[in-house]
Amino acid sequence: MNDLPRTLFVETTTRCNLACPMCVKNAPGWRGGEGHMAWEVFERLEPAFEHAQAVILNGMGEPLLHPDLPRMIALTKARQPANGWCGLQTNGLLLDERSVRELVQAGLDVCCLSVDGDAARLGHGPGQEGTAARGVSLLKASAAQCGRTIRLGAEFVLMKSNAHELPGLVDWAAGLGLNFLLVTHMLPASPAQETEALFHPCSRAALTFFSRFQPRVEALGFGLSDLARTAIKYRHSAAEDGLLKLARQMRQGAQARGLWLDMERLAHTDFTQLDELAGLFNQARQRAAAAGLDLRLPELTAPAQSQDRRCAFTEAQAACIDWRGEVSPCNFLWHGYECQIYGETKRVHPTRFGDISATPLAEIWRSPEFRVFREQARAGEYPPCGDCATGLCSDIRGHAPFERDCLGATVPCGHCPWAVGQLMCLGSEPDPPAR
């Protein structure tokens with residue numbers, strides 16, 4: 001039914017047995033609280049499960065810490081459509097024979113294990129080597145004993161220090177018999193982490209157009225990074241005048257093509273790094289195709305056209321319910337936290353449309369405010385914030401709750417890391433892993 005959510009993200013807990021530095025929950029500015037979802041709150045979702053094709057039982061915490069998790073899965077599966085699936089993502093540290101048996105018997109359909117770097121050991125730190133492999137083995141054995149099939153996968157956060165491991169990680173996943181591998185860029189939680197980020201916020205069209213001017217700039221004895229310094233000089237040499245003339249031609253050409261150019265960011269682009277990452281992605285795709293592994297890769301750069309930027313959560317007809325019962329439209333706007341966007345600190349203010357403890361989810365979903373939000377998000381008419389030359393506006397920095405962007409839209413999606421393909425997560429795709 002189109003008038004009810006088809007995908008539910010249910011935050012069973014915000015507690016975690018790890019303190020990963022790249023997690024916004026462990027960065028200054030986290031305002032999502034700490035606690036388990038009460039069983040009475042979870043029960044309020046029971047009518048919504050009847051229409052949910054996908055139910056993902058995790059948010060900003062480790063779901064296996066919740067003592068009622070098997071009971072939650074069982075209730076979900078008892079009410080879900082026959083072709084629906086219930087899944088979760090876990091660091092796997094708490095998986096043992098008993099917990100795995102309880103999850104499988106309750107009806108868990110999809111389990112995604114987060115894995116760290118070094119495909120030879122894939123642990124979460126010293127003493128945790130082989131955690132994912134042990135978890136996969138236990139899940140497979142328990143599913144076989146129960147006569148069930150569980151779709152198993154892994155999620156990998158791509159960073160500068162571990163990107164070279166991606167092709168080997170594909171081999172590792174295929175060797176374990178995993179069904180899918182989900183790769184996502186990191187969302188820097190602090191300025192210090194930005195050196196590890198590989199996603200380029202400028203669009204591929206802007207990068208391609210900009211790079212065509214490099215030979216002409218070099219012929220004048222400059223680099224493209226000299227543009228800003230040259231532009232602010234009071235007196236210019238003949239060569240510098242030629243550089244500024246090229247810059248004007250560049251801007252006029254971009255305007256004719258409907259492109260926005262952030263000259264400063266473009267000038268400091270490491271094109272070699274982008275090419276190397278593209279090569280690693282191609283290797284990974286080839287190995288995954290040969291092994292029959294469902295490989296899901298993020299984008300390398302932001303899309304240029306608004307029709308290519310999309311809200312995966314709106315397309316999946318998703319609603320996100322936090323551990324307290326408050327309803328948000330997507331993962332990006334689920335909690336209050338701080339992160340790094342385009343080199344600056346952004347304060348994210350959560351967007352909420354109601355509390356299931358007081359109002360049924362169906363009523364919240366059908367409210368005019370939530371409906372209008374979904375319509376604007378689905379339209380995809382977002383400004384290309386990554387190509388904007390004026391820098392982060394106050395709306396993007398989040399100094400105050402968002403009201404509207406520079407194009408007039410009241411949804412803060414132009415700089416959303418999911419909308420531009422930077423971040424991916426279990427269930428955020430409109431075609432979730434098939435059973």
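This briefing describes helix packing, cavities and pockets in one protein structure.

The structure is a predicted model, in which local features need pLDDT of at least 70 and side-chain atom pairs count only at pLDDT 80 or more, while totals for chains, interfaces and linings use all residues. Residues are numbered from 1 along each chain as its sequence is written, and side-chain values use heavy atoms, with hydrogens and water left out. The structure holds three cavities of 30 Å³ or more, and the largest pocket contains about 1000 Å³ of space.

**Terms for elements and residue classes**

- Helices (H or I, at least four residues) and strands (E, at least two) are DSSP runs, numbered from the N terminus.
- Ala, Val, Leu, Ile, Met, Phe, Trp, Tyr, Cys and Pro count as nonpolar, Asp, Glu, Lys and Arg as charged, and the others, Gly among them, as polar.

**Helix packing: α4 with α5**

- Two packed helices are described by the angle between their axes and the distance between the axes.
- Helix α4 (residues 97-106) packs against helix α5 (residues 131-146) at an angle of about 50 degrees, and their axes are 9 Å apart; axes are lines fitted to C-alpha atoms, for helices over the stretch in contact, and angles run from 0 to 180 degrees between N-to-C directions.
- The helices α4 and α5 are therefore oblique to each other (angles under 35 degrees count as roughly parallel, over 145 as roughly antiparallel, 65 to 115 as roughly perpendicular and the rest as oblique).
- On the α4 side, the contact (heavy atoms within 4.5 Å) is made by Glu97, Val100, Arg101, Val104 and Gln105, and on the α5 side by Leu138, Leu139, Ser142, Ala143 and Cys146.
- Six nonpolar, two polar and two charged residues form this contact of α4 with α5.

**Helix packing: α6 with α12**

- Helix α6 (residues 166-176) and α12 have axes 8 Å apart and pack at an angle of about 15 degrees.
- That angle makes α6 roughly parallel to α12, and the crossing of the two helices is right-handed.
- Leu166, Pro167, Gly168, Val170, Asp171 and Ala174 of α6 meet Leu280, Phe281, Gln283, Ala284, Arg287, Ala288 and Ala291 of α12.
- The contact of α6 with α12 comprises nine nonpolar, two polar and two charged residues.

**Cavities**

- On a 1 Å grid over the protein atoms alone, a cavity is a set of points where a 1.4 Å probe fits but cannot get out, and a pocket is an open set with protein on both sides within 12 Å along at least five of seven lines; lining residues have an atom within 4 Å of a point.
- The largest cavity holds about 90 Å³ of space (grid points are joined across faces, edges and corners, and a volume is the space filled by probe spheres set on the points).
- Among the 14 residues that line the largest cavity, Cys311, Phe313, Cys330, Cys413 and Cys416 are the closest to its centre.
- The lining of the largest cavity has 13 nonpolar residues, no polar ones and one charged residue.
- The second largest cavity has a volume of about 70 Å³, and Pro201, Ala302, Pro384, Cys385 and Gly386 are the closest to its centre among its 15 lining residues.
- Strand β7 (residues 200-203) gives the most to the lining of the second largest cavity, with three residues.

**Pockets**

- Of the 42 residues lining the largest pocket, Cys23, Gly59, Met60, Gln89 and Glu155 lie nearest its centre.
- The lining of the largest pocket divides into 23 nonpolar, 15 polar and four charged residues.
- The second largest pocket has a volume of about 580 Å³, and Glu194, Ala197, Phe199, His200 and Pro201 are the closest to its centre among its 21 lining residues.

Terms used. A crossing is left-handed if the near helix is turned anticlockwise from the far one by less than a right angle, and right-handed if clockwise.
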